[in-house]
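Hello,

Here is the structure we talked about. Please open it and keep it beside this email as you read.

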Amino acid sequence: MSLKPPVGYGTITATNPAAAQTSKDLTFTSRANPQTSQPVHPARISQSVYPTRRPWPELFSLTSFSVPYNYADAMARIKHNIGYFRVNYAMAVLLIVFLSLLWHPVSMIVFLIVLVAWLALYFFRTGPVVLFNQSFDDRLVVVVLSLVTVVALVFTHVGLNVLVSLIVGVVVVGLHAAFRVTEDLFLDEETAVENGLVSVVANQPLRPTSYTRI
């Protein structure tokens, strides 16, 4: 007569360490993602909808200028600073355009009228620009306002003044952005995501930890 051992008695259940580790990693990832990914969206919306003017002393800090190491460094600074100081740069370019119209009273009146639109729709607005239930990014608002400004001034026969002032403004902004160091400028989450800073940290794979099962 043969006796069958009870089920599970004297047997060793084999477990797959890789499966257990994968399950543990998935559990950790599911808990970590809400802390790394969710806060990005409100910051992205607030930054893209509400432009931020930086303090002017921060723009003109004499100790924050240096010659770029090479062309790549200069382009990286320009990209970084334009994203950081874009409201200040827009004000500076508008001031240069205004100074080019000092001897053209009609053009100055037209410019001041357009400036009201700049103040209401870009510099001092308290909410997003909404048209047909669609919110528009502040960069698109800048492009539209710039086109309206140029076209309105060209109709007052000061096209050459506008062209020269825009060239001077672009050169001034480009030089400042290229020579202004970026080490002391802390980006918001939207710009960090665009530059790949947040995504690299959030999407970095988790390293498996070796352990001994008892």
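This is a predicted model: local features need pLDDT of at least 70, side-chain atom pairs count only at pLDDT 80 or more; totals for chains, interfaces and linings use all residues.

Rings

The structure holds 7 aromatic pairs. Take Tyr 84 and Phe 85. Their ring centres are 4.8 Å apart, and their planes meet at 85°. Planes over 60 degrees apart count as edge-to-face, so this pair is edge-to-face. Are Tyr 84 and Phe 85 buried or exposed? Both are buried.

The pairing extends to Tyr 89: ring pairs link Tyr 84, Phe 85 and Tyr 89 into a cluster. Arg 54 lies over the face of the Tyr 84 ring, 3.9 Å from the ring centre.

Cores

The largest nonpolar core has 17 residues. Which of them touch the most other members? They are Leu 101, Phe 111, Trp 118, Tyr 122, Phe 123 and Leu 153. The largest share comes from H6, with 6 residues.

Look at Leu 153 next. Leaving aside residues up to four places away in sequence, Leu 153 touches Val 97, Leu 101, Ser 107, Val 110, Phe 111, Val 158 and Val 162. Leu 101 and Phe 111 are on the list above too.

There is also a second, separate core of 6 residues. Among them are Tyr 84, Phe 85, Tyr 89 and Val 173.

Best wishes

Definitions and conventions
Residues are numbered from 1 along each chain as its sequence is written. Side-chain values use heavy atoms; hydrogens and water are left out. Rings of Phe, Tyr and Trp (its six-membered ring) pair if their centres lie within 6.5 Å; planes under 30 degrees apart count as stacked, over 60 as edge-to-face and the rest as tilted. Buried means under 20% relative accessible area, exposed over 50%, partly exposed in between (1.4 Å probe, protein chains only). A charge sits over a ring if NZ of Lys or CZ of Arg is within 6 Å of the ring centre and within 35 degrees of the ring normal. A nonpolar core is a set of buried Ala, Val, Leu, Ile, Met, Phe, Trp, Tyr and Cys residues joined through side-chain atoms within 4.5 Å. Helices (H or I, at least four residues) and strands (E, at least two) are DSSP runs, numbered from the N terminus. Contact means heavy atoms within 4.5 Å.
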